[in-house]
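Please keep the sequence and the coordinates at hand while reading.

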Amino acid sequence: MNTHKLLPLYRGELVENVIPFWETHSIDRECGGFFTCLDRDGGVYSTDKYMWLQGRAVYMWSQLHRHVDASRGWLEHAKQGAAFLRAHGRDRNTGRVFFSLDRQSRPLHIQRKIYSEVFYVLAMCEMFASTGQAEFLDEAQEVFWLTYDLWQHPEKLGRPQLAGTPRLCTLADPMVFLSMIEALRPATGDSRYDDIAVQMQATTLRHIRPDRRLVLENVTPEGAELDTPKGRLLSPGHAIEMGWFLLHHALHTNDESLTRQSLDIIEWSFERGWDEEFGGLFYFLDADGRPPTQLEWSMKLWWPATEALYATLLAWKISGPDRGQKFLAMHERMRQWSWQHFRDETHGEWFGYLDRQGRPTHTLKGGEWKGFFHLPRALLLMTMLLEKR
């Protein structure tokens with residue numbers, strides 16, 4: 001394939017198809033923050049606001065200002081979103097970040113998970129990078145250390161450890177810490193972040209089974225397997241995303257062994273996850289080929305596709321010519337399938353949820369889980385990667 005055509009394709013998709021949809025429909029100019037519950041043509045079907053998606057939107061608008069075009073007013077979108085987050089996003093007693101608010105900024109829900117905090121940290125880091133204002137970095141670090149403490153002590157999240165419940169390490173946790181550290185490390189120079197990155201790298205690698213060419217979503221803190229549906233769970237898109245997170249870390253540390261492992265993870269997960277009958281990546285699988293318990297296991301979601309697009313392109317860029325061609329073929333397979341099935345040429349943006357055959361099951365463009373993040377992040381990262389050639 002002609003890789004020279006990819007740069008205008010991905011940059012055009014970002015600037016002409018994705019950004020205009022969210023800039024037109026998602027900004028709440030009356031109450032602040034962003035609407036994420038958008039139907040196919042951008043109509044708002046719920047005004048509730050989800051803090052992890054608010055943080056993701058702040059992060060993306062700031063990234064676009066820094067890396068694409070500083071003249072388009074995108075930093076102003078980020079600033080108003082950051083002001084909304086700082087004014088309403090945290091519980092004043094505990095410092096925790098709410099999961100959702102209503103449009104009047106009244107708290108609706110707080111999760112027994114750390115991900116609202118994670119994307120609050122990333123939003124504040126990115127605002128510091130764009131503005132140089134130390135208050136953003138100070139708050140990012142404050143919430144990071146709160147999040148690290150919550151991760152170490154899950155009982156503080158309201159998750160008591162019952163007698164028969166095995167302690168599990170889920171793949172998402174060390175991944176998100178690596179993403180926060182990637183943002184915090186250059187801004188602070190604090191060596192403690194390097195120490196935690198080493199810890200998270202080791203924690204992540206406990207999920208890998210090289211002899212079986214797979215990555216388990218859940219293992220014990222020591223890396224042992226559990227013969228349960230949760231213990232056998234595979235999420236190919238998530239493992240692929242982990243692969244490029246680790247590649248970023250390996251490139252930062254000049255770790256050739258980790259680079260090879262990361263490339264393996266991307267290759268194994270793409271090959272295992274690809275649906276040879278209908279195309280696209282399965283959402284969930286069972287490591288032993290037993291019945292997945294998730295009813296949506298065979299669906300094709302937008303975010304695994306976007307993670308696979310960037311991961312395979314990055315893998316092609318940094319691997320040798322022979323293996324690189326294999327990754328490039330994977331990338332082209334994912335690109336063609338995505339453009340055929342996810343992309344909405346009528347109203348812009350991408351559909352998020354397809355059945356196994358690639359037909360939309362939901363026409364919404366955003367909601368409680370889908371916002372202005374995975375797709376624009378992948379398009380931006382691919383644009384930046386191709387511009388370096």
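Predicted model: local features only at pLDDT ≥ 70, side-chain atom pairs only at ≥ 80, totals over all residues.

## Cavities

A search of the whole structure returns two cavities of 30 Å³ or more. The largest cavity has a volume of about 50 Å³, and its lining consists of Leu214, Val215, Leu234, Ser235, Pro236, Ala239, Trp268, Ser269 and Arg272. The elements that contribute two or more residues to this lining are β8 (214-215), α8 (236-253) and α9 (256-273), with α9 giving the most, namely three residues. Sorted by class, the lining of the largest cavity comprises six nonpolar, two polar and one charged residues.

The second largest cavity has a volume of about 40 Å³, and the residues that line it are Pro229, Arg232, Leu233, Leu285, Asp286, Pro291, Pro292, Thr293 and Gln294. By class, the lining of the second largest cavity divides into five nonpolar, two polar and two charged residues.

## Aromatic contacts

The structure holds 30 aromatic pairs. In one of them, the rings of phenylalanine 21 and tryptophan 22 have their centres 5.7 Å apart and their planes at 75 degrees, and because planes over 60 degrees apart count as edge-to-face, the pair is placed in that class. Both phenylalanine 21 and tryptophan 22 are buried. Phenylalanine 342 and tryptophan 350, by contrast, form a stacked pair, with 5.8 Å from centre to centre and 10 degrees between the planes. Phenylalanine 342 is buried at a relative accessible area of 1%, and tryptophan 350 is buried at 0%.

Ring pairs also link Tyr50, Trp52, Tyr59, Phe99, Phe119, Trp369 and Phe373 into a cluster. Arginine side chains take part in contacts with ring faces as well: arginine 90 lies over the face of tyrosine 120, at 5.8 Å from the ring centre, and arginine 333 lies over the face of tryptophan 274, at 5.2 Å from the ring centre.

## Salt bridges

Side chains of opposite charge can pair when their charged atoms come close. The whole structure contains 40 salt bridges. One of these joins the side chains of arginine 343 and glutamate 13, at 2.7 Å from N to O. Since arginine 343 lies in the loop between α11 (321-341) and β13 (353-354), while glutamate 13 belongs to helix α1 (residues 6-25), the pair ties together parts that are 330 residues apart in sequence. Arginine 343 is partly exposed, with a relative accessible area of 23%, whereas glutamate 13 is buried, with a value of 3%.

A salt bridge also forms between the side chains of aspartate 344 and arginine 40, at 2.9 Å from N to O. Aspartate 344 lies in the loop between α11 and β13 and arginine 40 in the loop between β1 (37-38) and β2 (44-46), so this pair ties together parts that are 304 residues apart in sequence. Aspartate 344 is buried, with a relative accessible area of 1%, while arginine 40 is partly exposed at 31%.

## A further pair and a network

The side chains of arginine 96 and glutamate 117 meet in a salt bridge of 2.9 Å, N to O. This pair links arginine 96, in the loop between α3 (74-88) and β4 (100-101), with glutamate 117 in helix α4 (residues 115-131), 21 residues apart. Arginine 96 and glutamate 117 are both buried. Elsewhere, salt bridges that share partners join Arg213, Asp264, Glu267, Glu271, Arg323 and Lys326 into one network.

Note on methods:
Residues numbered from 1 in each chain as written. Heavy atoms only, no water. 1 Å grid on protein atoms, 1.4 Å probe; cavity = no way out; pocket = protein on both sides within 12 Å on 5 of 7 lines; lining within 4 Å. Points joined across faces, edges and corners; volume = space filled by probe spheres on them. Helix = DSSP H or I, 4+ residues; strand = E, 2+ residues; numbered from the N terminus. Nonpolar A, V, L, I, M, F, W, Y, C, P; charged D, E, K, R; others polar. Phe/Tyr/Trp six-rings, centres within 6.5 Å; stacked < 30°, edge-to-face > 60°. Buried < 20%, exposed > 50% of the residue type's maximum accessible area, 1.4 Å probe, protein only. Lys NZ or Arg CZ within 6 Å of the ring centre and 35° of its normal. Salt bridge = Lys/Arg side-chain N within 4 Å of Asp/Glu carboxyl O.
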